[in-house]
Amino acid sequence: MIVILKPHSDPEQLNSLIAWLEGKGITTHLSMGEDHAILDLMGDTAQLDADLIAALDIVEDVKRVREPYKKASRKFHPEDTVVQVGNTQIGGGSLTIMAGPCSVESEEQVVAIAKAVKASGATMLRGGAFKPRTSPYSFQGLGAKGLEYLKAARQETGLPIVSELMDISQLPLFRDVDVIQIGARSMQNFDLLKAVGRQEKPVMIKRGLCATYEEWLMSAEYVMAGGNSNVILCERGIRTYENYTRNTLDLTAVPVLRKLTHLPIIVDPSHATGKSALVDPLSMAAVAAGCDGLLIEVHNDPAHALCDGPQSLRPEVFDALAKKLFKLHAAVAELNG
């Protein structure tokens, strides 16, 4: 249930209402907008008399929300959330490009790629240190050493780093990582979501291979329920009957999520397609659809990459794409007024 308060509501009456609700076991969260304040009620709201609350002087309207995700819902939080990561913001009308190798292979490799993608306009460095692989015989990443190499690249370039967390036991190692990525296979690892919800570092949740929008948003709700509101959603393709591409990129997710949630939306065309030639057109399509940013794999030698070389762009190809993306983003912003 949400309670929409009248502008300039009396603070004493508001505090009295909150105390009365919390006395009934209801958890409250106050969101302040430009024109109105919204009181988010969580718990057994079926016991509450909506008409009684609506009759109060400070209340403009009372609405029962059907969606089970309340903190992630735009109904509770009409304004777009902007996640600040160092000098980079995700959301709020900017286009954030996170680029880098699927897997960190050496310090020299990741530093060189970081310098290249920064020169092309990327504002965040992505790189896998711990890698969830379908086959137990595939390269599993460098682990803690890979994180140290990412930090060295950040030291050289100033780019914030984003890397995937696979297990709660790894969380202490991510103390100096700027954005924690929850991968598609971990989207419904609820203990992991609770753990990252108890810390303040931004969390990017990739959509599960067969996850619905509601299931995906409920994963975000787990993190936000723990107290961490710095959540980013990442569409990376879903599993369908089609096997020409690695997955099927669902760009419908961008306008749908824009309606359902206030959280920033990133698109990953690299994992979605598995083919480097498709990254360019789908990146352009994602920007045209209104995404807040892109997650793109870049490798200086894709043919010899230890992980996902076929979907990685060479730095010079990424540079050409980035130039087009920023121009398109500016044109879309102008068209939308």
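Author: The model is a predicted one. Helices H6 and H7 are oblique to each other, since helix H6 (residues 213-225) and H7 pack at an angle of about 55 degrees, and angles under 35 degrees would count as roughly parallel, those from 65 to 115 as roughly perpendicular. Two packed helices are described by the angle between their axes and the distance between the axes. For H6 and H7 the axes are 12 Å apart.

Reader: Is the crossing of H6 and H7 left-handed or right-handed, and which residues make the contact?

Author: H6 passes H7 in a right-handed crossing. On the H6 side the contact is made by Tyr213, Trp216 and Leu217, and on the H7 side by Ala253, Val256, Leu257 and Leu260. By class, this contact of H6 with H7 has seven nonpolar residues, no polar and no charged.

Reader: At what angle do H9 and H10 pack, and how far apart are their axes?

Author: The angle between H9 and H10 is about 20 degrees, and their axes are 9 Å apart. H9 and H10 are therefore roughly parallel to each other, as the limit for that term is under 35 degrees. Their crossing is right-handed. H9 contributes Val279, Asp280, Ser283, Met284, Val287 and Ala288 to the contact, while H10 contributes Leu321, Lys324, Leu325, Leu328, His329 and Val332. The contact of H9 with H10 divides into eight nonpolar, two polar and two charged residues.

Reader: How many residues line the second largest pocket, and which helices each supply at least two of them?

Author: The second largest pocket holds about 310 Å³ of space. Its lining has 22 residues, with Gly93, Arg258, Gly290, Cys291 and Asp292 nearest the centre. Helices H7 (253-260), H9 (276-289) and H10 (315-335) each supply at least two residues of that lining. By class, the lining of the second largest pocket has ten nonpolar, nine polar and three charged residues.

How values were computed:
Residues numbered from 1 in each chain as written. Predicted model: local features only at pLDDT ≥ 70, side-chain atom pairs only at ≥ 80, totals over all residues. Heavy atoms only, no water. 1 Å grid on protein atoms, 1.4 Å probe; cavity = no way out; pocket = protein on both sides within 12 Å on 5 of 7 lines; lining within 4 Å. Points joined across faces, edges and corners; volume = space filled by probe spheres on them. Helix = DSSP H or I, 4+ residues; strand = E, 2+ residues; numbered from the N terminus. Nonpolar A, V, L, I, M, F, W, Y, C, P; charged D, E, K, R; others polar. Axes fitted to C-alpha atoms, helices over the stretch in contact; angles between N-to-C directions. Parallel < 35°, antiparallel > 145°, perpendicular 65-115°, else oblique. Left-handed = near helix turned anticlockwise from the far one by under 90°. Contact = heavy atoms within 4.5 Å.
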